[in-house]
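This report describes the fold and packing of a single structure. The sequence and the model are shown first.

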Amino acid sequence: MMRVLIDACVLYPTVMREVVLGAAAQGLFQPLWSNRLLEEWARAAARRGPVDELQARGEIAVLSAHWPKANVIPRQGDLARLWLPDPEDIHVLAAAIAGSADLILTLNIKDFPRHTLSEEGLDRADPDGFLYRLWLEHPDAVAIAVDKVLRQAEQMDNVPHDLRKLLKKAQLPRLAKALST
């Protein structure tokens with residue numbers, strides 16, 4: 001099974017995370033993250049206020065319980081030897097290596113040069129392209145994951161949502177178009 005390290009920018013915002021993890025829950029890949037990535041998610045949520053931070057920390061606890069083997073610990077040797085354009089992202093690459101990931105799922109494509117990743121046996125993907133490829137290979141499983149996210153959003157907001165608009169707002173336009181046709 002493909003192992004995918006999920007960057008903090010994919011873990012937060014909510015709809016994107018829920019679709020990605022919904023695909024993982026369908027057995028399409030094994031998600032990976034590190035404590036630092038989870039903490040980045042919580043700090044990003046905290047910028048919106050203390051309630052958002054508490055909610056994020058609760059969701060992190062649920063995810064950690066649901067996927068106990070997803071958390072990886074970067075090795076100090078990797079942290080010291082690796083280079084990326086943004087030094088703040090070295091921990092992401094080190095976590096991917098420690099977790100024997102196949103790819104890094106991130107919106108920050110420019111910060112993860114393909115040649116650097118290939119030297120470590122890794123690739124990278126943006127969430128929309130990744131989910132679209134999963135949909136091409138497993139349309140029913142991805143549709144189930146997305147439908148669950150749509151139903152959760154409607155239940156939380158107590159209003160119907162347009163699937164295409166919801167996914168486009170979540171930066172998943174290709175997936176939105178594929179599921180809307």
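Predicted model: local features only at pLDDT ≥ 70, side-chain atom pairs only at ≥ 80, totals over all residues.

Strand S1 (residues 3-6) is joined to strand S3 (residues 103-105) by three bridges in the parallel sense. Within this pair, Val4 has Leu103 as its bridge partner, and Ile6 is opposite Leu105. S1 also pairs with S2 in the parallel sense, again over three bridges. On that side, Val4 stands opposite Pro31.

## Helix H6

Helix H6 (residues 90-98) is largely enclosed by the rest of the structure, because eight of its nine residues are buried. The buried positions are Ile90, His91, Val92, Leu93, Ala94, Ala95, Ala96 and Ile97. They pack against the strands S1 and S3 and against H3, H5 and helix H7 (114-119). After H6 comes Ser100, which has a positive phi near 50 degrees.

## Helix H4

Helix H4 (residues 50-66) has 17 residues, which should span 24 Å at 1.5 Å a residue; the distance between its end C-alpha atoms is 24 Å, in agreement. Its buried residues are Ala56, Ile60 and Leu63. These three lie on the same side of H4, because the arc they cover around the axis is only 65 degrees. An α-helix has 3.6 residues a turn, so residues three or four places apart point the same way.

The buried residues of H4 pack against helix H2 (14-25) and helix H3 (35-46). On the other side of H4, the exposed residues are Pro50, Val51, Leu54, Val62 and Ala65.

## Helix H11

In helix H11 (residues 173-180), the buried residues are Leu175, Ala176, Ala178 and Leu179. They are on the same side of H11, since their arc around the axis is only 165 degrees. Their cover includes H2, helix H8 (127-137), helix H9 (139-157) and helix H10 (163-169). H2 is also among the helices that the buried residues of H4 pack against.

## The nonpolar core

The largest nonpolar core contains 59 residues. H6 supplies the largest share of this core, seven residues. The residues with the most contacts inside the core are Leu5, Ile6, Phe29, Trp33, Phe130, Leu131 and Leu175. Among them, Ile6 is the residue that stands opposite Leu105 in S3, and Leu175 is one of the buried residues of H11.

Leaving aside residues up to four places away in sequence, Leu131 touches Val19, Val20, Ala23, Val142, Leu172 and Leu175.

## An exposed position

Ala80 is part of helix H5 (residues 76-81). Its relative accessibility is 69%, so Ala80 counts as exposed; the cut-off for that class is over 50%. Ala80 is 90 residues from Ala170 in sequence, and their C-alpha atoms are 35 Å apart in space.

Technical notes: Residues numbered from 1 in each chain as written. Heavy atoms only, no water. Pairing = 2+ DSSP bridges. Helix = DSSP H or I, 4+ residues; strand = E, 2+ residues; numbered from the N terminus. Expected span 1.5 Å × (residues − 1). Buried < 20%, exposed > 50% of the residue type's maximum accessible area, 1.4 Å probe, protein only. Arc of directions from axis to C-beta. Contact = heavy atoms within 4.5 Å. Core = buried A, V, L, I, M, F, W, Y, C linked by side-chain atoms within 4.5 Å.
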